Each structure stands twice: as C-alpha cells, then as structure tokens.
Amino acid sequence: MTTKTVKKIEEIATSLAEKFKETAITRDQTGGNAKNERDLIRESGLLKLLIPTEYGGLGGNWLEVLQVVRIFARVDSSLAHVFGYHFVNLTTPHLCGSEEQKVRYYTETVQRNLFWGNAFNPIDIKLTATKQDNHYIFEGKKTFCSGSVDSDYLLVSALLEGREEPLLAIIPTKRIGIEVKEDWDNFGQRQTDSGTVEFHAVRVELNEVLENGFNRNEFSRLRLNISSFILNHLYLGIVEGAFEAARNYTQTETRARSPLYTSATEDPIIQKHFGEFFAQVEAAKLVVERSDELFQKLWLKGSNITLAEREALDDVTNVAKIVTTRIGLDVTSRMFEVMESRATANRYGFDRYWRNLRTMTLHVPVDTTIQELGRRVLQR
C-alpha cells in the first residue's frame, strides 16, 4: 500500500470519527445497536482494509487497521471495538482454517461487503457441537458476543465431546436456529452489541468448520494475540480521547480557582496534572507501538514463526496491556480533578471514557496478565 493510500485511509477514518463524535454522547446514553454508524463503516470500504489485493481487498496491514481502531476509540470506543473485532474474526480462517477457507471468506467479504461479529467467548462455553453423518448440530448459547447484532457472519466456538480445544466455525448470522439477543445492558461499551446469542439445533456444514484450530503452528496461535492487540489500541485510543477532552474543557470552561490567576491554565496544580497526563499517554504510546512492529513482522512471516518469537510477542503484548490499563484507568478517573464539578454534568458525557475502559479491562483482569508475565520471567 502506497503512502498516498495510507494517508487516504487515515483521512477516511478521521472523517468517520468526526461523524461519530456528533452523536457519541447521545448514543452512549441510549445504548443499543449503532446501525447507522455501522452502515457508514460499511460504505467507507474500510471493512476490506486488511484483505490482500489478490482477493479484491485494499491490501493494508495490521498497523493501518490498528491506527483506525485508535482514531475511532478517541471518540467512540464501541465502534472501535466492533470494527477491530471484525478483523479478529475475519482473519481466523486465515490462521486456523484451510487455504480454501481463507480465500473463500476473504473473497466473499469483499464481494458482499460483510461485517463480521462473533459468538466466540473461549472462557464461558455453553454451546455444544454434535457430529452427525455429514454435518454438526450446535445447541446452547454464547455470551459476550461482540458485534453480533447487524453482523453478516459469526465466528463461533463450541464444545465437541472428545476434543480438547473448542471447535471453531463460521456461520451466517441469519441461519435458521440462531437467535441474536439484543440484551447487552452494561454501563460501558454500550453499543458493542455484546449480548447473548442462542443456538437452537443449528446445522453447521463440514466446510464451515475450521478444523485446524489454534494449535496447528505458531502462526495459528497468533489468533490468541490479535484480540489483545485490538484491545491495547482500544485502551490507548480511549485515554488519548480523554486527554484531549480534558485539555479542551480546561482551556475553555474550567474556572480559575484563585484570584491570583486569570485562567485555569495558569494554575500550577492543573499544570502539574497535565504534565503527568501527557507523560503517561506518551509512555502508553511507546509501549503499544513497540509491540505493533513485532506483531506485523510475525504476521508476514506466517508459518515460519518460531516459538521464541511468539513468546517474545506475548511479553510485549502483555506489557502494553498492563501499561495501557493502569494509565488509562488513572487518567480517565483523574481528568475530573482539572475540570471541576461542572464537568460531571451528563450532557458532557466525560464519564464514558472511564466506564468504557473499566468495562473492557475487566474481561481478562490485568492482575492475571501481571502474574503470568512474572511467572514467565522467573522461569528464564
């Protein structure tokens, strides 16, 4: 992809973000499905950003996808979430399926401009697969199914008796027996459509199952890293958006707290806070961008990835998660200390930065990541 094309992608993403920003606060308060905004993403062509040109895609790379996630997350982390997870789901046949499945789903996504969702949740698996003569039957339900409402395909994981790892399948969302519940009602990420999907005797064809799974090689195991990369950029985008919102408000609305100052920006305490915020955000950028370069390098290596390389990727991914989580929660909470009490009015919606980040960072608690990183360090 040329420099000119990359710039065009950034311009498209920025233009979309400006449109999202106009309604972000109202939509956050309303919740539900962001159908209009999802259609704007469809119309933009960005859903095919990562798909190679030989299949009709834009031929972009992960660095460009992740940059768009950050741009969206600064103003609307729900849409950043569903956009980023579209690529997590879309690339799973590439990682865990056959060559035929990779080509099929890339090509079909371009031709039909498909938006991918998931019923994947690898932890809470209450969906079972039963093998019959020439197909499977899926029965049960999945929770935390991000992007499921208004999606075209679902990446699904199910338990199959006698199989250690979950069975992975790609299923059209509107298939008979699939019921997508619009029951997501959490205090953050309110338009990610992350509710429940129920499966009632859903027939799944053999060629819709990704038989290779996660453990074929180190390349297929990247699937476990990709969602972490999306989330790290989501966290970073949220804290960047919070920082800019706090700065703009402080420069224009915050009142001086002492007659010694003509504006709040002259207050040494407020200046101290912003110095800390800036340093924190810059530190988060550095660790995230360091992990980006290694991830893109390994993606291009494909099946030639070594165990040592992927373990190194685990380390930098985990460090980025720890840093963005802790810095993000701190800044999105302390931003009110520079904006004063009027900034808590619901019309500003400043609390959404903390609520969205807090909701996402609870899915896999950072304590677990820190402990795992420490264990690996001590084993070296």
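1. The second largest pocket of this predicted model has a volume of about 560 Å³, a pocket being an open set of points on a 1 Å grid where a 1.4 Å probe fits, with protein on both sides within 12 Å along at least five of seven lines. Of the 26 residues lining the second largest pocket, those closest to its centre are K21, R74, G241, E244 and A245, where lining means having an atom within 4 Å of a point.

2. At least two lining residues of the second largest pocket come from each of α1 (3-30), α3 (62-73), α7, α8 (268-301) and α11 (351-361), helices being DSSP runs (H or I, at least four residues) numbered from the N terminus.

3. The largest pocket holds about 1200 Å³ of space, and among its 37 lining residues P122, L224, S227, S228 and V364 are the closest to the centre. Helix α7 gives the largest share of this lining, eight residues.

4. Helices α9 (residues 307-334) and α12 (residues 366-378) pack at about 140 degrees with their axes 10 Å apart, the axes being lines fitted to C-alpha atoms over the stretch in contact and the angles running from 0 to 180 degrees between N-to-C directions.

5. Residues are numbered from 1 along each chain as its sequence is written. Local features need pLDDT of at least 70 and side-chain atom pairs pLDDT 80 or more, whereas totals for chains, interfaces and linings use all residues, and side-chain values use heavy atoms, without hydrogens and water.

Key
Grid points are joined across faces, edges and corners, and a volume is the space filled by probe spheres set on the points.
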